[in-house]
2 protein chains.
Amino acid sequence: MNAEKIPDIIIGRLPVYLRALQRLSEKGILTTSSQELGEIIGISAAQIRKDISQFGEFGKQGTGYSIPFLIERLRDILKVDRAWEVVIVGMGDMGHALARYNGYSNRGFQIRMVFDNDPKKIGQKVGEFEILDTTKMAEKIKQNKIKIAMLTVPAAAAQEVADELVKAGVKAILNYAPISLNVANGVRVQYIDPVAHLQRMTYYLD
Amino acid sequence: MNAEKIPDIIIGRLPVYLRALQRLSEKGILTTSSQELGEIIGISAAQIRKDISQFGEFGKQGTGYSIPFLIERLRDILKVDRAWEVVIVGMGDMGHALARYNGYSNRGFQIRMVFDNDPKKIGQKVGEFEILDTTKMAEKIKQNKIKIAMLTVPAAAAQEVADELVKAGVKAILNYAPISLNVANGVRVQYIDPVAHLQRMTYYLD
């Protein structure tokens, strides 16, 4: 099981499998099949079996997958069997929504600190967090060895903030600013741009 | 140019190209190359040339792409050379953030109405919008022939609301609830789940 050998497109589907399995588990369901999972997720059963088999033998022909076991393995593979500390930079509406979101805790993450550069916002509370000054960001990230940031600053500031985050040791950025970021090798960026998602669908509309 | 023949993975990259081109255009830049675009976006120049060539001949060898022309063509291909009306269902923190987001207008969309089922929220204002009662949602969507919805309700309610949206004529749903939706053929769903994006990155972290 070599991390470099599994295509990223497969890695991208594992969180979707894990999410569906965790929902089945919450309903008290203990086993599932690639067929059932495929119907829930909208991916073919064959694709699911192929993806999961990349990581070893999980299901038995005819008896399906043990949900608790597959959840445990996927959490292990994705390294979300822990609580990664995350910072949020940019406390506009989106930053607020992400700071107050309560869906991190059983999925591998916890928000640790939130930052903004606006003197009117610094010191204010967002949920349980006090908004900290971005001038102290690099220092605090280094001190706490934080590896993950969510970036919700305006597009014009995003690259500069990303550079600072990477310099401070951040290795994974979830970028909400509607621009592509340039980062060093070894740093991962994922993008959330609702308009880009909408545009991908309008192509198919009449 | 048959919509069904272009792989969806290519369609998914076009909004990223368009976004980068629009940013270059805002800076007053008139031409670009697949190399330059590739460096900005982090996709190989060959991939960009291949993707764009699916839709006809755009660039000339040696002179690159005309940015205004390529923007116009991509807007046309993605059908965002207009202003699609969009509803938001679920006026929690994320719904608020999306209602107040100001990045839709030159990218093909405008928020038309926002809904919630909480009597305490109905009638309140979010930016310029009054929160409407979800019991009137289907009727208003039909009346206004709205095709696109952003869904920011809790996971437990998402499938039921999606069913109602589709019944009312919605053909494209951007789903923020952390579950997979089952929808009829011909209805598109895109997912935004920040935790799934984070999990896709932790796989690569030490």
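This is a short tour of a predicted model, stop by stop.

**Both chains together**

Start with chains A and B in view. Chain B can be laid on chain A by a rotation of 180° with 0.0 Å of shift along the axis, and the RMSD is 0.0 Å. The two copies are thus related as by a two-fold rotation axis. Colour the contact residues next: 100% of those of chain B recur in chain A, so the same surface serves both copies.

**Two helices in chain B**

Now select residues 8–26 of chain B, helix α1, along with residues 45–53 of chain B, helix α3. Their axes come within 10 Å and cross at roughly 110°. Since angles of 65 to 115 degrees count as roughly perpendicular, that is the description for α1(B) relative to α3(B). Show side chains to see who makes the contact: B:Ile10, B:Arg13 and B:Tyr17 come from α1(B), while B:Gln47, B:Ile48, B:Asp51 and B:Ile52 come from α3(B). By class, the residues of this contact are 4 nonpolar, 1 polar and 2 charged.

**Tyrosine pairs in chain A**

Over all chains there are 4 aromatic pairs. For one of them, pick A:Tyr101 and A:Tyr104: their ring centres are 5.2 Å apart and their planes stand at 90°, so this pair is edge-to-face. A:Tyr101 has a relative accessible area of 25% and is partly exposed, whereas A:Tyr104, at 3%, counts as buried.

Finish at A:Tyr203 and A:Tyr204, an edge-to-face pair with 4.9 Å from centre to centre and 90° between the planes. Are these two buried or exposed? Both A:Tyr203 and A:Tyr204 are buried.

Terms used: Residues are numbered from 1 along each chain as its sequence is written. Chains are lettered from A and ligands numbered from 1 in the order in which they are written. This is a predicted model: local features need pLDDT of at least 70, side-chain atom pairs count only at pLDDT 80 or more; totals for chains, interfaces and linings use all residues. Side-chain values use heavy atoms; hydrogens and water are left out. Axes are lines fitted to C-alpha atoms, for helices over the stretch in contact, and angles run from 0 to 180 degrees between N-to-C directions. Helices (H or I, at least four residues) and strands (E, at least two) are DSSP runs, numbered from the N terminus. Angles under 35 degrees count as roughly parallel, over 145 as roughly antiparallel, 65 to 115 as roughly perpendicular and the rest as oblique. Contact means heavy atoms within 4.5 Å. Ala, Val, Leu, Ile, Met, Phe, Trp, Tyr, Cys and Pro count as nonpolar, Asp, Glu, Lys and Arg as charged, and the others, Gly among them, as polar. Copies are superposed by least squares on the C-alpha atoms of residues with pLDDT of at least 70 in both. Rings of Phe, Tyr and Trp (its six-membered ring) pair if their centres lie within 6.5 Å; planes under 30 degrees apart count as stacked, over 60 as edge-to-face and the rest as tilted. Buried means under 20% relative accessible area, exposed over 50%, partly exposed in between (1.4 Å probe, protein chains only).
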